[in-house]
Amino acid sequence: MNVELQKRLAQWSIKEIRFGQLWPVSVALTLIIATIFALTALAERIEQVVVKQGKQALTADTVFVTSNPLPEQLLYLANDNGLSTAQETRFATMAFSDSEMQLITVRAVESAYPLQGELILTGDAGVANHVQPGELWIDERILYQLGVEIGDEISVGDADLVVSGLITEEPGLSFNPFQQMPSAFIHSSDLERTGAVQTGSRVRYSLYINGTDAVIETLKKGVELTPSDRWRDENSKVEPMKCLNVHSNIYH
């Protein structure tokens, strides 16, 4: 009796699968499961892209930002842990040609900058991706504002520098609708020549850092922050740094 019942059930199931309503239901379930797996894979891919773009926007895995000179303890720990780093000093100063003057934002960077993303500098000698000692790369607006050309000499603060070429593309989120001053890149070794960073100057110091999450977390724990210090990574909110001392900075 049981055998006969099983045969009938099997025949009914086969018949329903072939001619009944079970076939559309099976297809629908298969599509639902496939969609779930596809959405899961897409979500993981999007997360990876967001994290990668976030780091490229910062031009590093993490950035230490302060309105004071970079602490020696931080530099020592970063070097001791074998982390890749690049320093930047950002400030405003006057640029002069023979007939014009213009207030500009100067970014004094080391040759390793940027650690992530791409910096494109275009001059008569071709395209460069890093700033070298003695070079001056400027926003195209400065050419017109100062009435100069590539190869001409202009004064940046107290330093006389020859225009190496134009800043074609900056890494990260460089667009700022509220930024009125054009920017220029010089090498960190030429910073002192400008004479622009003195007591009372508004300056922003940054240390760009590449490394594994574990090593970076260890580094962060080894540095005591002051009220004007910030760590920035892809999860950080963009906040204006507070001007809390005579070295404070308002350029972001």
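A contact here means heavy atoms within 4.5 Å. The model discussed is predicted.

Q: What share of the contacts in the chain with a separation of 6 or more comes from residues 24 or more positions apart?
A: The count takes in contacts in the chain with a separation of 6 or more.

Q: How many helices and how many strands does the chain have?
A: Both kinds of element occur in this chain. The numbers are 6 helices and 11 strands.

Q: Is Q145 buried, partly exposed or exposed?
A: Q145 sits in helix 4, which covers residues 140-146. Its relative accessible area is 28%. Buried means under 20% and exposed means over 50%, with partly exposed in between. Because its value is 28%, Q145 is partly exposed.

Q: Which residues does Q145 touch, not counting those up to four places away in sequence?
A: Residues up to four places away in sequence are left out of this list. What remains is E100, Q102 and P182.

Q: How far apart in space are Q145 and S97, C-alpha to C-alpha?
A: In sequence, Q145 and S97 are 48 residues apart. In space, the C-alpha to C-alpha distance is 9.4 Å.

Q: Which residues touch the most other members of the largest nonpolar core?
A: The largest nonpolar core has 34 residues.

Conventions. Residues are numbered from 1 along each chain as its sequence is written. This is a predicted model: local features need pLDDT of at least 70, side-chain atom pairs count only at pLDDT 80 or more; totals for chains, interfaces and linings use all residues. Side-chain values use heavy atoms; hydrogens and water are left out. Helices (H or I, at least four residues) and strands (E, at least two) are DSSP runs, numbered from the N terminus. Buried means under 20% relative accessible area, exposed over 50%, partly exposed in between (1.4 Å probe, protein chains only). A nonpolar core is a set of buried Ala, Val, Leu, Ile, Met, Phe, Trp, Tyr and Cys residues joined through side-chain atoms within 4.5 Å.
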